[in-house]
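Dear colleague,

I am handing over the structure below, and I would be glad if you could look through it alongside the notes that follow. They go through strand pairing, model confidence and charged side chains in turn.

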Amino acid sequence: AAAAQHRARSTAGHFRLAIDRAFTLSGVGTVVTGTAHAGKVSRGDTPLISPPGFKARVRSLHVQDRPADSGQAGDRCALALSGDFEKADISRGMWVVAPELHHPLTRFHADLRVPANQPELEHWHAVHVHLAASDVTGRVALLDCEKVSPGGTALAEIILDREILALRGDRFILRDAGAMR
C-alpha cells in the first residue's frame, strides 16, 4: 500500500464517491452505487463524474439501502443522476465528486512500501494500480533508487495508461502485470 502525493487539495467538506456499479432503472434513469469517501451529498447537488468531467444532478439517493435526503463519508450510497451522459458512459472506478476535486491525472508521486513477504520492486516495473474501485495499468518509476527490497520504502512516480482521479493522501495497492503479487 502507498499514499498518493498530489497537489495540496483539501478534501474536507468536498464530496467523493467511488463508483463500483452503474445501471439504469425504469422511471429513475442512471443510478451509480459506491462508498462515499469524503464530504456530504444531497438531493439537488450538482457534482461531476470524474475523470470524464460529466456534469450531473442528484435526482434522488438511497443510503444503506433506504431513501435519504443526503449521504456522507462512510455511507454506502446509490445516486440517481441526470445529465448529458448514458449509463454506458460510466464505469467502475470513476468517481462522483464535488467540482473542486475534479482534476484527472495520468501520473502522480507516491511513497511506496514493499511488504516484507513480497519480491523486490524494480524501476519501470509494469503494474496494476488499485485505487478505490479502479484498476489501471501503468509503470513505476523509482525516483530515489533502482530497486526496493522487501520491507523497504521508496519515492516513486506512478505513470498510468489512462486518466484516474487520485488526491493527496489516497491509499492504493500495486500488483504486478500478471496480478500474481
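**Strand pairing**

Strand S14 and strand S16 (residues 153–164) pair in the antiparallel sense over five bridges, where two strands are said to pair if DSSP finds at least two bridges between them, and where helices (H or I, at least four residues) and strands (E, at least two) are DSSP runs numbered from the N terminus. Within this pairing, Leu142 has Ala156 in S16 as its bridge partner. Strand S14 (residues 134–142) also pairs with strand S13 (residues 125–131), again in the antiparallel sense, over seven bridges, and there Val129 stands opposite Val136 in S14. The hairpin of S13 and S14 has two residues between the strands, and Ala132 takes a positive phi near 55 degrees in it.

**Confidence and conventions**

Please bear in mind that this is a predicted model, in which local features need pLDDT of at least 70 and side-chain atom pairs count only at pLDDT 80 or more, while totals for chains, interfaces and linings use all residues. Residues are numbered from 1 along each chain as its sequence is written, and side-chain values use heavy atoms, with hydrogens and water left out. The mean pLDDT (the predictor's confidence in each residue, from 0 to 100) is 93 for the protein, and 93% of its residues reach 70 or more. Over residues 1–10, however, pLDDT stays under 50, and for these residues the model has 39 contacts (heavy atoms within 4.5 Å) beyond four places in sequence.

**Salt bridges**

The structure holds six salt bridges, each being a side-chain nitrogen of Lys or Arg within 4 Å of a carboxyl oxygen of Asp or Glu. One of them joins Arg76 to Asp20, with the closest N and O atoms 2.6 Å apart; this pair links distant parts of the chain, since Arg76 lies in strand S9 (residues 76–83) and Asp20 in strand S2 (residues 16–25), 56 residues apart. Arg76 counts as partly exposed at 35% relative accessibility, as does Asp20 at 22%, where buried means under 20% relative accessible area, exposed over 50%, and partly exposed in between (1.4 Å probe, protein chains only).

Another salt bridge is formed by Asp69 and Arg43, whose closest N and O atoms are 2.8 Å apart. Here Asp69 is exposed, with a relative accessible area of 57%, whereas Arg43 is partly exposed at 46%. In the salt bridge of Asp176 and Arg181 (3.7 Å, N to O), Asp176 is buried, with a relative accessible area of 12%, while Arg181 is partly exposed at 34%.

With kind regards
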